[in-house]
Amino acid sequence: MTSNTSDHAPGGTHPGEHVQHTGQMAEHDAHSEHGGAHAGHGADHVMQFRRLFWINLIIAVPVVAFSSMFAMLVGYQLPDFPGAAFIAPALGTVMYVWGGRPFLTGAVAELRARTPGMMLLIALAITVAFLASWGASLGLLDHELEFWWELALLIVIMLLGHWIEMRSLAQTTSALDSLAALLPDEAERVEDDDVVTVSPSDLRVDDVVIVRPGGSVPADGRIVDGSADMDESMVTGESRTVSRGVGDPVVAGTVATDSGLRVRITATGDDTTLAGIQRLVTEAQASSSRAQRLADRAAAWLFWFALASAVITALVWSVLGNPDAAVVRTITVLVIACPHALGLAIPLVVSIATERAARGGVLVKDRLALESMRTIDAVLFDKTGTLTKGEPTVTDVQTVGDVDPDTVLRFAAAAEADSEHPLARAIVRAAHDQGLDVPRASGFRSSPAVGVTAMVEGTEIRVGGPALLAEAAASEIPAADAWRDEGAIILHVMQNGAVIGGLRLADEIRPESREAVDALHALGVEVVMITGDADAVARTVAGELGIDRYFAGVRPEDKSAKVAELQHGGRKVAMVGDGVNDAPALAQADVGIAIGAGTDVAIASAGVILASSDPRSVVSVIELSRASYRKMQQNLWWAAGYNLISVPLAAGVLAPIGFVLPMSIGAILMSLSTIVVAINAQLLRRLDLQPEASVRSVLNR
């Protein structure tokens with residue numbers, strides 16, 4: 001069977017048998033849930049909070065302007081016309097019911113779950129402010145308790161914080177959709193002497209299907225007729241095609257690159273490898289543990305702190321015989337116990353961090369992954385497509401006799417010029433890169449598992465692997481054994497039946513990989529490599545890059561077990577990969593990082609995506625994580641610290657010496673704390689996250 005594509009059977013190391021791709025992978029949850037109104041984030045939640053923010057911002061303007069306490073604080077007279085006194089209460093009620101609804105429903109969910117946090121703290125503050133303000137507006141409570149302006153600002157700032165958070169965390173890809181997209185839309189089933197086009201879902205075990213050259217296998221099966229080089233990159237992430245013949249298993253979604261096949265189906269529907277991965281994705285998504293958010297922890301503590309402070313305040317002032325002061329002080333404590341800054345402390349840092357990361361070629365899908373990167377002490381790189389370019393490259397040419405290397409490469413490139421095989425493209429590319437004049441060939445023929453034949457400058461040129469040599473009864477070049485030990489692909493070039501040279505092809509190491517490894521070592525991080533290739537290949541790459549240790553010959557479904565092995569050794573592991581078979585390991589790892597040039601499934605499964613495919617970006621992620629965490633801590637301490645000081649003062653702890661923090665001053669300090677948090681978060685913009693800049697910064701310390 002011939003085609004316009006060559007079918008090499010190289011003499012290096014390559015997988016000799018099919019391995020099933022099972023395992024576990026998960027797309028990290030955008031962030032941990034906290035309340036029913038705050039769970040299940042997507043584009044609709046972004047739109048919801050954006051709409052709520054802008055509408056409530058507009059409503060807040062007249063609420064603040066017509067608030068009597070705000071007018072008294074700033075020093076202006078409210079307009080005197082019928083109904084003016086009820087503009088702030090009426091619009092404030094709209095803001096409380098509509099703008100405050102996400103926080104109120106979230107608070108109910110937190111109460112039911114008995115996990116008080118940010119939602120309950122916000123709901124407590126706006127509810128107390130709302131009730132107290134109505135009491136003051138109706139003359140039932142002291143005029144100092146008119147908090148309409150504070151209620152409006154609190155709702156608007158909290159909506160802004162949650163909108164920023166939703167926008168920065170919205171997900172746009174789906175691992176499960178990407179998996180499903182690997183399957184062809186149609187399958188050609190053989191029925192007696194006819195070929196019928198059916199949906200892959202209609203296939204049954206023992207059906208025989210035809211897979212055309214360049215077509216995808218519709219379901220798991222075994223080849224019953226034909227042979228082909230199978231492109232399994234969309235499932236394995238490995239760029240090298242694998243020769244499959246009669247009796248060999250093939251997986252749904254893989255592509256026959258050069259020849260047609262007949263495949264007998266062995267598994268369909270939920271029994272296929274892809275379906276198994278889909279199930280494991282779902283399970284991993286449901287079972288993956290999520291770090292408790294920093295702001296939630298702070299909010300939970302502040303909730304109990306505020307509640308305890310309010311109770312103590314009410315009791316103390318009542319015991320002292322001043323019930324009016326007890327009401328004023330208690331309500332004041334409950335209102336200012338929810339600092340504006342706490343609602344923005346995390347979202348602002350995350351938003352700026354993700355924006356800075358994107359400029360540096362790093363896309364953060366999961367902010368929990370970003371937070372976790374600061375604790376990583378081992379980075380596990382998948383070799384192919386991550387540390388290497390994932391495509392074969394001619395790395396050496398050896399000749400026989402008086403023939404020079406350029407001639408061997410010219411002839412090989414001429415013979416391969418009409419082929420679309422990855423090895424053929426590598427040979428042609430190498431000739432062009434060296435500026436060689438590649439002659440025109442004629443009579444091109446390809447033979448699966450043997451090689452190609454063409455007439456070049458009046459001579460017969462053949463290029464192929466061991467089968468070609470066996471067919472021609474020819475011997476290998478002397479360098480073949482050494483190349484084989486290094487795990488290289490070996491192709492021989494013959495002219496008129498005689499071997500004139502050999503080509504060494506290997507997966508080229510990215511020039512940035514060495515810098516990435518050196519910088520990670522400087523950060524105190526162990527660098528580990530994992531690959532399905534033979535030990536010789538792994539040893540060569542690891543030695544060249546200075547990698548601490550490597551796992552070679554690892555079956556796709558066993559990669560996650562290697563991650564677990566590192567974790568059981570006390571390591572916090574980040575996994576960097578680019579294929580579907582890396583997805584289980586991405587799920588198992590503490591942080592999953594996908595190379596941007598990898599498969600859609602790997603990208604959708606990871607918490608962090610390296611859009612530039614530059615392994616040095618891993619260093620950028622670690623640097624950003626550590627800087628972001630510092631900013632989060634600083635902001636939270638500032639926000640919480642404001643409470644720790646202002647709440648006791650508002651409660652009247654210094655009343656014996658004549659000082660009680662006025663509500664107005666407390667509100668001003670609250671707003672100032674928000675400004676401080678915002679400015680502090682902006683300082684992250686000074687961080688240069690370009691891969692080369694991050695590595696240079698680390699190595700120059």
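Student: Where is Glu-457 found?

Tutor: In this predicted model, Glu-457 sits in the loop between strand 14 (451-456) and strand 15 (459-464). Its phi is positive, about 50°, although Glu-457 is not a glycine.

Student: Which loop holds Asp-192, and what is its phi?

Tutor: Asp-192 is in the loop between strand 1 (187-191) and strand 2 (194-198). Its phi is near 60°, a positive value in a residue other than glycine.

Student: Why is Asp-192 called exposed?

Tutor: The relative accessibility of Asp-192 is 76%. Exposed means over 50%, so Asp-192 counts as exposed.

Student: What makes Ala-123 buried?

Tutor: Buried means under 20% relative accessible area. Ala-123 has 6% relative accessibility, so it counts as buried. Ala-123 lies in helix 5 and touches Phe-103, Leu-104 and Ala-107, leaving aside residues up to four places away in sequence.

Student: How many aromatic pairs are found in the whole structure?

Tutor: A search finds 8 aromatic pairs. One of them is formed by Phe-70 and Tyr-76.

Student: Why is the pair of Phe-70 and Tyr-76 called edge-to-face?

Tutor: The planes of Phe-70 and Tyr-76 are 70° apart, and their centres are 6.5 Å apart.

Student: Is Tyr-76 buried, exposed or partly exposed, and what is its relative accessible area?

Tutor: Tyr-76 has a relative accessible area of 30%, so it falls between the 20% and 50% cut-offs and is partly exposed.

Student: What makes the pair of Trp-134 and Trp-148 edge-to-face?

Tutor: The angle between the planes of Trp-134 and Trp-148 is 90°, and the distance is 5.8 Å centre to centre. An angle over 60 degrees counts as edge-to-face, so the pair has that name. Trp-134 lies in helix 5 (residues 118-137) and Trp-148 in helix 6 (residues 148-169), so the pair ties together parts that are 14 residues apart in sequence.

Student: Why is helix 24 called roughly perpendicular to helix 26?

Tutor: Helix 24 (residues 617-651) and helix 26 (residues 691-699) pack at an angle of about 65°, with their axes 8 Å apart. Angles of 65 to 115 degrees count as roughly perpendicular, so helix 24 is roughly perpendicular to helix 26. Their crossing is left-handed.

Student: Which residues of helix 24 and helix 26 meet?

Tutor: Ser-617, Val-619, Ser-620 and Glu-623 in helix 24 meet Pro-691, Ser-694, Val-695, Ser-697 and Val-698 in helix 26. The contact residues divide into 4 nonpolar, 4 polar and 1 charged.

Student: How many helices and strands are there in the protein chain, and what share of its residues is buried?

Tutor: The protein chain has 26 helices and 22 strands. Buried residues make up 57% of its 701 residues.

Technical notes. Residues are numbered from 1 along each chain as its sequence is written. This is a predicted model: local features need pLDDT of at least 70, side-chain atom pairs count only at pLDDT 80 or more; totals for chains, interfaces and linings use all residues. Side-chain values use heavy atoms; hydrogens and water are left out. Axes are lines fitted to C-alpha atoms, for helices over the stretch in contact, and angles run from 0 to 180 degrees between N-to-C directions. Helices (H or I, at least four residues) and strands (E, at least two) are DSSP runs, numbered from the N terminus. Angles under 35 degrees count as roughly parallel, over 145 as roughly antiparallel, 65 to 115 as roughly perpendicular and the rest as oblique. A crossing is left-handed if the near helix is turned anticlockwise from the far one by less than a right angle, and right-handed if clockwise. Contact means heavy atoms within 4.5 Å. Ala, Val, Leu, Ile, Met, Phe, Trp, Tyr, Cys and Pro count as nonpolar, Asp, Glu, Lys and Arg as charged, and the others, Gly among them, as polar. Rings of Phe, Tyr and Trp (its six-membered ring) pair if their centres lie within 6.5 Å; planes under 30 degrees apart count as stacked, over 60 as edge-to-face and the rest as tilted. Buried means under 20% relative accessible area, exposed over 50%, partly exposed in between (1.4 Å probe, protein chains only).
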